[in-house]
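Let us walk through this structure together.

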Amino acid sequence: MATTTASLTLTSTDLFDDSLSLSNTSTLHKAGTTIGLDQTTGLTKTYVTATTQFDPFPVVKGTTNAGENGRVYIANLSEDETEYIIVTIGDLVIGRLYAGDFMWMPWSPKAQHVNDIEITPSVATGMWVEFMAIHNFANIYPDSDDS
Amino acid sequence: MATINATLSVSSSDLSSNTLSLSKTMTMTKAGTNTGLEFSSGLIRRKLTATTEIDLIPTGAQVYGTPQASDVTAGAAGKLYIKNTGSSSTDYISVGLGDATTPNELNDGTSKITLGHLYGGEWMLIPYHGKADVGDVLVAPSTAETTTVEWILFFE
């Protein structure tokens, strides 16, 4: 097993009349256990030059993944505030990550072609995008099928 | 406008043969600008005592401080934080997105899809668009024992 920790701080001194200061740390475990997640896609940084949707985390072959757990990190590294990526799961839009934005979410793949996580850049002029999954899936990339 | 910062740190010395040390900070801005988001639901805390799926943040209706459907545009750059405040390693909340009134796990862009599970102490931060009909945020506890969920929505 491995020990992987994730921390998040949210701060603002002027959103409310009082300061916002929120901090959390969690250790990433396999589903229903205290055993650490032990696999990762690695941190990938890629330069995308088309507005074509791509699939950084193809869903695992098979249909049952109940005992599996994962976390997904995606960041838009662009410095142009007008550029964004649309992040979808299956065909459902989660939202847009504008320049500098990141997301961190749980991911429990259900079945092939159902909840793949996909990214669509807003421009074809080139954007840096970063992503990583930490998981205990049986057969994630490259032994997986694209949607 | 306000300045809202979020910093994510992910680290491990033994997940792979090289140490993982990731740190990323973002300032939450309005879509396509450098102007900070200026609204928030505030930190909301709810206790759930059934395994029934609830529409934590319904679109089209203003609950707590969330935006009305008419306030939401396709380019909205909102951010949503959710935490399971429990400590159980076996009980979780299932978090999904989509249309609360439709069947689950249909890959048709109009249904609802489960993102994943948050066990005790776990949290998430994702973008939020709040688009009517497909922007509901859904939560279902795995147990009927009391489960406490906290969330904050930041929006334009």
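An open sheet of 4 strands runs in the order 2(A)-1(A)-1(B)-2(B), and its pairing is antiparallel. Strands here are DSSP runs (E, at least two residues), numbered from the N terminus. Two strands pair if DSSP finds at least two bridges between them. The edges are strand 2 (20-27) of chain A and strand 2 of chain B, and each pairs on one side only. On average, neighbouring strands of this sheet are turned by 10 degrees against each other, direction ignored. The axes behind such angles are lines fitted to C-alpha atoms, and angles run from 0 to 180 degrees between N-to-C directions.

The model is predicted: local features need pLDDT of at least 70, side-chain atom pairs count only at pLDDT 80 or more, and totals for chains, interfaces and linings use all residues. Residues are numbered from 1 along each chain as its sequence is written, while chains are lettered from A and ligands numbered from 1 in the order in which they are written.

Now follow the pairing. Strands of a sheet pair through backbone hydrogen bonds. Strand 1 (residues 4-12) of chain A and strand 1 of chain B run antiparallel, joined by 9 bridges. There, A:T9 has B:T7 as its bridge partner. Within chain B, 8 bridges join strand 1 to strand 2, again antiparallel. B:N5 stands opposite B:T27 in strand 2 of chain B.

How many residues of chain B are in contact with chain A? The count is 54, and they meet 53 residues of chain A. Contact means that C-beta atoms, placed from the backbone, lie within 7 Å. Strand 1 of chain B gives the most to this side, with 9 residues.

Terms used. Two residues are in contact if their C-beta atoms, placed from the backbone, lie within 7 Å.
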